[in-house]
Amino acid sequence: ATKRGAWPEAESHLAMALSLQPQSAQVWFSLAMCRLQQKPPRHAQAAEALRRVVTIEPDEHQGWALLGSALAALPDRASEAVHALGRASALVPTDAVLAGRYVRSAC
């Protein structure tokens, strides 16, 4: 479904997978990506899925980074975005791109 760009269909399949594996950070991450690919992007719903990712795997830097990006796109969520991007940057301090995103979000 994702190769065809059928994001709602993919989301339905991912929801089914989550009913079987609710503690799968990978499936939650895929669900978040699916929600972000839809037009318009569903940032709030993606952030909910990404919170599940970082709850299940607190050291998952990609989950924290994408959570920060999703939150940054939402009104009044800037402080949460800064926290998430800071956590991601702390997990991978050698990632210059991530560090830059963190610095820009904090300004």
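Residues are numbered from 1 along each chain as its sequence is written, and side-chain values use heavy atoms, with hydrogens and water left out. Because the model is predicted, local features need pLDDT of at least 70 and side-chain atom pairs count only at pLDDT 80 or more, while totals for chains, interfaces and linings use all residues.

The chain has an average pLDDT (the predictor's confidence in each residue, from 0 to 100) of 90, and 93% of the residues score at least 70. Helices here are DSSP runs of H or I with at least four residues, numbered from the N terminus. Helix 3 (residues 43–56) has the highest confidence in the chain, at 98, whereas helix 6 (residues 96–106) has the lowest, at a mean of 74. Where pLDDT is low, the predicted coordinates should not be read in detail.

Turning to the packing, axes are lines fitted to C-alpha atoms over the stretch in contact, and angles run from 0 to 180 degrees between N-to-C directions. Helix 1 (residues 7–20) and helix 2 (residues 25–37) have axes 9 Å apart and pack at about 160°. Helix 1 is therefore roughly antiparallel to helix 2 (angles over 145 degrees count as roughly antiparallel, under 35 as roughly parallel, 65 to 115 as roughly perpendicular and the rest as oblique). Their crossing is left-handed, meaning that the near helix is turned anticlockwise from the far one by less than a right angle. In contact here (heavy atoms within 4.5 Å) are Trp-7, Ala-10, Glu-11, Leu-14, Ala-17 and Leu-18 of helix 1 with Val-27, Trp-28, Ser-30, Leu-31, Cys-34, Arg-35 and Gln-37 of helix 2. These contact residues comprise 9 nonpolar, 2 polar and 2 charged (Ala, Val, Leu, Ile, Met, Phe, Trp, Tyr, Cys and Pro count as nonpolar, Asp, Glu, Lys and Arg as charged, and the others, Gly among them, as polar).

Helix 2 also meets helix 4 (residues 61–72). The axes of helix 2 and helix 4 come within 11 Å and cross at roughly 30°, so helix 2 is roughly parallel to helix 4. Phe-29, Met-33 and Leu-36 of helix 2 touch Gln-62, Gly-63 and Leu-66 of helix 4, a set with 4 nonpolar, 2 polar and no charged residues. This crossing is left-handed.

Helix 4 packs in turn against helix 5 (residues 78–91), at about 155° and with axes 8 Å apart. Helix 4 is thus roughly antiparallel to helix 5. The contact includes His-61, Trp-64 and Leu-71 of helix 4 and Glu-80, His-83, Arg-87 and Leu-91 of helix 5; its residues divide into 10 nonpolar, 4 polar and 2 charged. The crossing of helix 4 and helix 5 is left-handed.

Side chains of opposite charge can pair when their charged atoms come close. With a salt bridge taken as a side-chain nitrogen of Lys or Arg within 4 Å of a carboxyl oxygen of Asp or Glu, the count is 5. One of them joins Glu-11 to Arg-42, with the closest N and O atoms 2.6 Å apart. This pair links distant parts of the chain, as Glu-11 in helix 1 and Arg-42 in the loop between helix 2 and helix 3 are 31 residues apart.

Finally, the backbone. Most residues other than glycine have a negative phi, and most peptide bonds are trans. The Lys-39 to Pro-40 bond, however, is cis, with omega near -5°, and Pro-40 lies in the loop between helix 2 and helix 3. Asp-76, although not a glycine, has a positive phi of about 65°; Asp-76 sits in the loop between helix 4 and helix 5.

Terms used:
Helix = DSSP H or I, 4+ residues; strand = E, 2+ residues; numbered from the N terminus.
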